[in-house]
Amino acid sequence: MNVTTEQMVLIGAGVLLLMVAGHFFWRPMRWLFTLAFNSLLGVLMLGGTNLLGASFGLTLPLNPVSALIAGFLGIPGMALLLMLKYFMIL
């Protein structure tokens, strides 16, 4: 397969263009991946709390807002959700 100099330049320019586009789109995509990962951690923490706490009457609602709170804030977020449920709602 004979590759001409013109084709090599076009391939190099295409690779460079892909690298530049990837650099500009990586930062917003990283933010979305972080959001999804933290939400998944929140769902796992809420599910574990509901699974282990069900025998004690300790359950939390599993919805997107509570998953984000638990995922971003971690254990303090879980404590916040518990306080909101049991002290604010009579």
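## Close-up views of a predicted helical model

Thr-4 has a relative accessibility of 43% and therefore counts as partly exposed (buried is under 20% relative accessible area, exposed over 50%, and partly exposed in between, with a 1.4 Å probe and protein chains only). The model is predicted, so local features need pLDDT of at least 70 and side-chain atom pairs count only at pLDDT 80 or more, while totals for chains, interfaces and linings use all residues. Residues are numbered from 1 along each chain as its sequence is written, and side-chain values use heavy atoms, leaving out hydrogens and water.

**View 1. Thr-4 and the segment before helix α1.** Thr-4 is placed in the segment that precedes α1 (helices are DSSP runs of H or I with at least four residues, strands are runs of E with at least two, and both are numbered from the N terminus). Between the C-alpha atoms of Thr-4 and Leu-16 the distance in space is 18 Å, for a sequence separation of twelve residues.

View 2. Val-20 belongs to helix α1 and, with 40% relative accessibility, counts as partly exposed. Its C-alpha atom is separated by 44 Å from that of Thr-49, which is 29 residues away along the chain. Trp-26 also counts as partly exposed, at 47% relative accessibility. One aromatic pair is found in a search of the whole structure. Its members are Trp-26 and Phe-33, whose ring centres lie 6.4 Å apart with planes at 50°, so the pair is tilted (rings of Phe, Tyr and Trp, the last by its six-membered ring, pair if their centres lie within 6.5 Å; planes under 30 degrees apart are stacked, over 60 edge-to-face, and the rest tilted).

**View 3. The packing of α1 against α2.** The axes of these helices are 7 Å apart and form an angle of about 100° (axes are lines fitted to C-alpha atoms over the stretch in contact, with angles from 0 to 180 degrees between N-to-C directions). α1 and α2 are therefore roughly perpendicular (65 to 115 degrees; under 35 is roughly parallel, over 145 roughly antiparallel, and the rest oblique). Among the α1 residues that meet α2 are Leu-35, Asn-38, Gly-42 and Leu-46 (contact means heavy atoms within 4.5 Å). The residues of this contact comprise eight nonpolar, five polar and no charged (Ala, Val, Leu, Ile, Met, Phe, Trp, Tyr, Cys and Pro are nonpolar; Asp, Glu, Lys and Arg are charged; the others, including Gly, are polar).

**View 4. Asn-38 in α1.** Helix α1, covering residues 5-53, contains Asn-38. With 13% relative accessibility, Asn-38 counts as buried. Beyond neighbours within four places in sequence, Asn-38 contacts Ala-67, Gly-71 and Phe-72.

View 5. Ser-66 is a residue of α2 and is counted as buried, at 5% relative accessibility. Leaving aside neighbours within four places in sequence, its contacts are Leu-46, Pro-61 and Leu-81. Helices α2 (residues 64-73) and α3 (residues 75-88) pack with axes 5 Å apart at about 140°, and are therefore oblique to each other. On the α2 side, Ser-66, Ile-69, Ala-70 and Leu-73 take part; their partners in α3 include Pro-76, Met-78 and Leu-81.

View 6. An unreviewed UniProt entry places the feature "transmembrane region" at residues 6-26, 33-53 and 65-84; positions follow the numbering used here, feature names are shortened, and annotations may be inferred rather than shown by experiment. Residues 6-26 are 100% helix and 0% strand, with end C-alpha atoms 30 Å apart. For residues 65-84, the corresponding distance is 13 Å, and the span is 95% helix and 0% strand.
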